[in-house]
Amino acid sequence: AIDISKLRGQSGYVTLDLGYKNTGATTSNITFLDGEKGILRYRGYSIEELADKADFLGVSYLLIYGELPNQTQYDKFVHEITHHTMVNEDMRKIFDGFPVNAHPMGVMSSLVSAMSGFYPESYGSNNDKDVDLHIIRLMAKLPTLATWCYKKSQGHPINYPKNKLDYCSNFLHMMFGLPVEDYEINPVVAKALNKLLILHADHEQNCSTSTVRLVGSSQANLYSSISAGISALWGPLHGGANQAVIEMLEAIKADGGGVQKYLDKAKDKEDPFRLMGFGHRVYKNFDPRARIIKKAADEVLEALGIDDPILDIARGLEEAALNDEYFIKRKLYPNVDFYSGIIYRALGIPVNMFTVMFAIGRLPGWIAQWKELREAGQPIGRPRQIYTGPKERPFVDIADR
Ligand code: ACO
């Protein structure tokens with residue numbers, strides 16, 4: 001273990017590392033990844049095994065509290081989350097003020113930030129009181145808030161949660177159920193959703209997680225920190241990529257389905273276009289999550305009897321890129337977002353909700369990282385800079401400018 005106090009307060013030379021490509025911001029016990037070998041583990045357990053054998057709430061417990069829960073711990077955690085899924089009705093007034101076409105990520109970020117106002121005991125300097133309850137509330141209410149966004153976009157009334165349903169089934173009920181008829185939950189769909197959430201649950205110091213840690217390092221409350229993480233995730237170079245992938249595949253389909261033109265565009269340095277869903281800051285061999293998702297996409301589409309031409313285009317694009325010198329040289333492979341959108345589409349989730357699904361999955365990782373930061377008593381995050389602006393100069397009166 002590293003004694004953080006010994007690293008604190010170093011001055012003198014400043015390391016300039018744009019994008020923090022080689023700068024470690026923390027030590028962490030949560031997630032291990034080896035980008036060269038394509039290994040991802042949560043608390044020592046391989047992502048392949050967890051995706052196969054565990055459920056999302058069990059994995060969330062593992063990330064947040066460090067160990068897989070025993071039966072009693074699991075039952076308590078699930079019971080508490082299940083019984084906190086309702087959202088204060090006054091939050092609806094805030095929600096109702098959003099225009100119908102507001103992007104759900106903006107709405108989610110705002111609503112999660114607003115939650116701190118409903119639980120004022122969460123703020124104040126270093127107030128760790130009731131942290132477990134804030135964790136339960138966030139885990140429970142984020143899916144409810146997400147389904148509000150979808151229901152509004154459809155012009156439908158919201159669906160209240162049903163306590164007899166498990167986490168994923170309850171989400172599907174709130175999304176697709178209607179007051180006039182029961183929504184039949186397809187176990188294939190619930191299982192696929194469970195797997196997707198597990199695969200997204202943590203990924204060490206990515207952009208949104210680092211944001212959560214940076215905000216949390218000022219001892220901002222959990223709701224504000226998570227709200228910032230949602231905003232960071234929204235960007236198309238991060239979680240927003242899953243929406244961008246489907247839009248790109250749709251554009252290729254509308255353009256006749258040929259992938260070469262798009263490969264050439266991505267390789268052209270004069271053209272800002274990039275192959276969405278390709279490349280990763282740390283995976284330089286393959287993204288283990290992409291492998292699991294690709295297989296899951298095949299299974300889900302087959303089980304649901306869906307023949308999606310977009311999947312063929314995605315496969316064609318992957319094959320062409322993997323055989324292209326430009327992509328080989330730069331070690332650009334499909335990432336987690338390349339196939340996830342195809343599954344979300346098959347589950348009936350609209351494109352503008354894809355990044356929201358990512359946020360629901362990433363929530364336990366953000367919470368775990370925020371909790372770890374606080375428990376380690378890390379100092380406030382405050383990077384340095386190299387100033388490149390003008391030297392000192394005299395003020396110029398407005399009439400003389
Ligand atoms: N298409 C075409 N070229 C690419 C792509 C791409 N998708 N990704 C990287 N490159 C090229 C770059 O142009 C650069 O080429 P150069 O060496 O000739 O200048 C080289 O590969 C290295 O790329 P960087 O941008 O330096 O790599 P970085 O680690 O900074 O970026 C990122 C990683 C943001 C993921 C990038 O690969 C990208 O923009 N991908 C598309 C967006 C995407 O899928 N994002 C999701 C990431 S996964 C996630 O957040 C869950």
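The model is predicted: local features need pLDDT of at least 70, side-chain atom pairs count only at pLDDT 80 or more, and totals for chains, interfaces and linings use all residues. Residues are numbered from 1 along each chain as its sequence is written.

**Ligand shell**
- The ligand is surrounded by 19 residues, counted when the C-beta atom, placed from the backbone, lies within 6 Å of the molecule.
- The closest are A241, R274, F278, G279 and R281.
- Eight shell residues are nonpolar, seven polar and four charged. Nonpolar means Ala, Val, Leu, Ile, Met, Phe, Trp, Tyr, Cys and Pro; charged means Asp, Glu, Lys and Arg; the others, Gly among them, are polar.

**Helices α10 and α18**
- Helix α10 (residues 207-216) and helix α18 (residues 354-375) have axes that come within 9 Å and cross at roughly 35°. Helices are DSSP runs (H or I, at least four residues), numbered from the N terminus. Axes are lines fitted to C-alpha atoms over the stretch in contact, with angles from 0 to 180 degrees between N-to-C directions.
- From α10, the contact uses S208, T209, V212, R213 and G216; from α18, R362, G365, W366, Q369, W370, L373 and R374. Contact means C-beta atoms, placed from the backbone, within 7 Å.
- These contact residues divide into four nonpolar, five polar and three charged.

**Residue N159**
- N159 sits in the loop between α7 (131-154) and α8 (167-176).
- N159 is buried because 20 other C-beta atoms lie within 10 Å; the cut-offs are 20 or more for buried, 12 or fewer for exposed, and partly exposed in between, with C-beta atoms placed from the backbone.
- Beyond neighbours within four places in sequence, N159 contacts T147, K151, H173, M174 and G177.

Key
Helices (H or I, at least four residues) and strands (E, at least two) are DSSP runs, numbered from the N terminus. Two residues are in contact if their C-beta atoms, placed from the backbone, lie within 7 Å.
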